[in-house]
Amino acid sequence: MFGKIHEIYSSISGEGISQGIPTVFIRFAGCSLRCGKTESRSLWCDTAYALGPNQGEEKSLESIWSELENLDPHHGYQVLLSGGEPLEGKNRDLSISIANKIYKHRTEAGLPYPAARVETNGSERITEDVFFIFTMDYKLPGSGMEDRMDLENFRILEKRHNSLDEIKFVVRDRIDFDRSIEVILEQKIQTNILYSPVHGEVDAKELVEWIKVDNPPKCRLSLQIHKVLWGNQKGV
């Protein structure tokens with residue numbers, strides 16, 4: 001079994017409720033979404049270097065496992081599958097295999113972080129599998145990708161009832177924030193909610209004021225701490 005991998009490296013988790021946890025990142029290559037790109041506005045994806053499937057190297061489950069063991073020989077780090085999009089195309093099968101192998105190994109050995117966290121873009125169907133934890137984007141109007149969202153994912157998150165799952169709203173402007181409130185009410189969301197500002201387009205302090213007024217349930221501001229520490233670099 002093979003998938004397209006752009007990079008594998010160790011760092012700390014940069015955002016969300018797992019922020020600051022030592023983490024091995026497995027970044028898949030290939031994503032069919034192009035968030036923020038319009039005639040007058042720019043693509044905002046901060047991993048544009050991994051959007052194309054040819055921007056990765058084909059790797060097997062065995063070779064990825066070997067790299068994981070080299071980076072984290074004691075299997076004590078969180079493992080995070082990101083992209084690109086780890087659930088798109090043949091990357092999906094490899095993601096399932098990786099996560100399943102990690103889960104079996106760590107549960108049998110009593111090791112921490114048995115379930116791999118998956119950062120997914122909201123257009124691919126998530127699963128009820130216990131070996132996954134999801135950080136799922138919902139693309140708002142400013143992304144130009146809202147019509148690609150799979151609304152069945154909200155029902156699956158509800159069934160999973162996993163206290164570590166997250167829904168992430170990346171906010172470009174006030175229209176985006178207001179739409180997020182509509183989505184929360186329409187979908188009766190009870191999962192953890194993250195709000196992140198589009199860098200350079202909305203001030204995080206302004207987003208905080210909007211959050212304070214509406215105060216959606218289980219919500220928090222999520223800034224990318226890795227950019228604070230190292231700037232907008234790859235592999236950190």
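These are my notebook entries on a few spots I looked up in this structure.

**Ground rules**

I am working with a predicted model, where local features need pLDDT of at least 70 and side-chain atom pairs count only at pLDDT 80 or more, while totals for chains, interfaces and linings use all residues. I count residues from 1 along each chain as its sequence is written, and my side-chain values use heavy atoms, with hydrogens and water left out.

**Entry 1: the annotated binding site**

I began with the UniProt record, an unreviewed entry, whose "binding site" annotation covers Trp 44, Cys 45, Asp 46 and Gly 84. These four gather at one spot, because no two of their C-alpha atoms are more than 13.4 Å apart although they span 41 residues in sequence. A note to myself: UniProt positions are given in the numbering used here, feature names are shortened, and annotations may be inferred rather than shown by experiment.

Next I looked up Trp 44, and found it in the loop between strand S2 (22-28) and strand S3 (57-60). Helices (H or I, at least four residues) and strands (E, at least two) are DSSP runs, numbered from the N terminus. Is Trp 44 buried or exposed? Its relative accessibility is 19%, so Trp 44 counts as buried. The terms work like this: buried is under 20% relative accessible area, exposed is over 50%, and partly exposed is in between (1.4 Å probe, protein chains only). Asp 46 lies in the loop between S2 and S3 as well, but at 30% relative accessibility Asp 46 is partly exposed.

I then listed what Trp 44 is in contact with (heavy atoms within 4.5 Å). Leaving aside neighbours within four places in sequence, the list includes Cys 35, Gly 142, Val 170 and Arg 172.

**Entry 2**

I turned to S2 itself, where six of the seven residues are buried. Which strands does S2 join? Seven bridges link S2 to strand S1 (residues 2-12), and that pair runs antiparallel. Five bridges link S2 to strand S4 (residues 78-82), and this pair runs parallel. Strands pair if DSSP finds at least two bridges between them. I picked out two positions: Ile 5 stands opposite Phe 28 in S2, and Thr 23 has Gln 78 in S4 as its bridge partner.

Thr 23 sits in S2, and its relative accessibility of 0% makes it buried. Its side chain reaches the backbone oxygen of Ile 21 at 2.7 Å and the backbone nitrogen of Ser 13 at 3.5 Å. A polar contact is a pair of N or O atoms within 3.5 Å; within protein, one must be able to donate a hydrogen and the other to accept it, and residues adjacent in sequence count only if both atoms are side-chain atoms.

**Entry 3: Asp 137**

I found Asp 137 in strand S6 (residues 132-137), and at 10% relative accessibility it counts as buried. What does its side chain make a polar contact with? The partner is the side chain of Lys 139, at 2.7 Å. Not counting residues up to four places away in sequence, Asp 137 touches several residues, among them Thr 120, Met 149 and Val 170.

**Entry 4: helix H2**

Last, I followed helix H2 (residues 90-109), whose 20 residues reach 29 Å from first C-alpha to last. That is close to the expected 28 Å, which is 1.5 Å times one less than the number of residues. Its buried residues include Leu 94, Ile 98 and Ile 102. Just after H2, I noted that Gly 110 takes a positive phi of about 65°.
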